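Please consult the sequence and structure alongside the text.

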Amino acid sequence: MRGERTTRATTDYESATGRIAGLPLRRHHVLLTAWTVLWFFLVEPSGGFSWHYLRQGEQLLFSGQPDGGLSLYAHHPELQIGPVSLAAARLTAPFSPHVGQLVAEAVSAGLGLVMLVLVGRTAALYYLGTGTNHRRLQQRLLIAGLAFIPMWVEVSVRFAHLDDVLALFFTTLAAHALARGKPVQVAVFLALAVDSKPWAIAFAPLILALPRPAWLRTALWFCVLVAIAWLPFYLGNLDTMAAAKFTIPTQPASALRWFGVTDPSTPWWDRPTQFGLGIGLGCIAVWRGRWPAVVLLGADARILLDPSVYTYYTASILLGTLLWDAVGQKRLVPWWSWIALVALYGGTLFLPSDPARGLVRLAFVVVSAAYVLLWPTQQTRRPRPPVRGGGDGRRRTARRRERELVGA
């Protein structure tokens, strides 16, 4: 009888947590891993489209050439890549160019799986103590992850944009640290995101989702760490300021065209407005008690006002919808992840004209931003810090419950 009870308890535990019998694995993680591997091998033969920028940048940064080192951005404003990303790309230097690119693509693709696990843990921590059905949460994460992975492979393998990969990865770590109530970690990860790719500054409003007493210290840590990475380049060569004025062509399919922008290159006001809009919308989301929408709103501002329409931009949108679908609401079907995939990626592939594609981008931004900011949803809460004190029994119980959560 005791053996039967033990077997039944084990079966119930595996059913409740999604674990595969006898293995420290969960079913949805295995399925998402297989989905990632499939997409990796489908895309890799045509991958690495932009990897040469990373290789060029890291070689110049660590060289003694006059146009390298701290003068890198002054002489090469087209390298809109943060120093953290260039330092990470340097890790591939010992390999041949082809092998180095393959390693970067594989690691970047793998980070997408890590991000899915982190988002699952973030959601589980966010709803800890609310009676959330974690098996249902796993199912929601699986369905959203099936939409997320194709776009993640687009940015990490097809384009090999290690800078965008790291910016989104560190932002995911910041969201997880926020759910754990770790202000310094939130600051560190957000700073690393900005130090990887400057447009990640739009995610800074996550700091305001912390308890008010932690705002000042967190903001100071964030500013100091951003300055440590970027200030040496501005002090080393004052012409680095010109890198902020670098422009790219305005594509006919950009949503900017629907605002009457016909300039052949980036308007002078575009980048500041893009950053300001993303930060402003993120602040409103936090004020409304909906911090899981910050990443989506920051990415919305990017695709709304960016002159170009590269498909890898959609990866930031899919991370935003993933956080919203997993953390911001409790519906089983993560509609926004699939709406984003079909509208933005499917629209790029199947819509017949550039104006139509631009209109779809504009419509998605307006509708998604209005929904996450205004549509009635469940009451959200500020993240709670982990259990502190209260005896060994309480700590053991908290640790055991956390291990049983969706992403453990």
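The points below are grouped by topic.

The model is predicted: local features require pLDDT of at least 70, side-chain atom pairs count only at pLDDT 80 or more, and totals for chains, interfaces and linings use all residues. Residues are numbered from 1 along each chain as its sequence is written, and side-chain values use heavy atoms, with hydrogens and water left out.

**Overall fold**
- The protein chain contains 16 helices and 0 strands; these are DSSP runs numbered from the N terminus, with helices (H or I) of at least four residues and strands (E) of at least two.
- Of the 408 residues in the protein chain, 51% are buried, where buried means under 20% relative accessible area, exposed over 50% and partly exposed in between (1.4 Å probe, protein chains only).
- Contact denotes heavy atoms within 4.5 Å; among contacts in the protein chain between residues at least 6 apart in sequence, 77% join residues at least 24 apart.
- The accessible surface of the protein chain is about 18,300 Å², and carbon and sulfur atoms account for 67% of that surface; the areas come from the Shrake-Rupley method with a 1.4 Å probe, and for residues only the protein chains shown count as cover.

**Helix H12**
- Helix H12 spans residues 294–305, and its 12 residues reach 17 Å from first C-alpha to last, close to the 16 Å expected (1.5 Å times one less than the number of residues).
- In H12, 12 of 12 residues are buried, including Asp 300 and Arg 302.
- These buried residues pack against helices H8 (162–180), H11 (270–287), H13 (314–328), H14 (335–350) and H15 (354–374).

**Nonpolar core**
- A nonpolar core is a set of buried Ala, Val, Leu, Ile, Met, Phe, Trp, Tyr and Cys residues joined through side-chain atoms within 4.5 Å.
- The largest such core has 113 residues, and Phe 148, Phe 222, Trp 291 and Ile 317 have the most contacts inside it.
- Beyond its neighbours within four places in sequence, Phe 222 contacts Ala 187, Leu 190, Ala 191, Val 194, Ile 201, Ala 204 and Ile 207.

**Thr 240**
- Thr 240 lies in the loop between helix H10 (215–236) and H11, and counts as buried because its relative accessible area is 2%.
- The side chain of Thr 240 reaches the backbone oxygen of Phe 233 at 3.0 Å.
- Excluding residues up to four places away in sequence, Thr 240 touches Leu 70, Tyr 73, Ala 74, Phe 233 and Tyr 234.

**Cysteines**
- The disulfide count is 0, a disulfide being a pair of cysteine sulfur atoms within 2.5 Å.
- Cys 223 is partly exposed at 47% relative accessibility, and Cys 283 is partly exposed at 30%.

Methods
A polar contact is a pair of N or O atoms within 3.5 Å; within protein, one must be able to donate a hydrogen and the other to accept it, and residues adjacent in sequence count only if both atoms are side-chain atoms.
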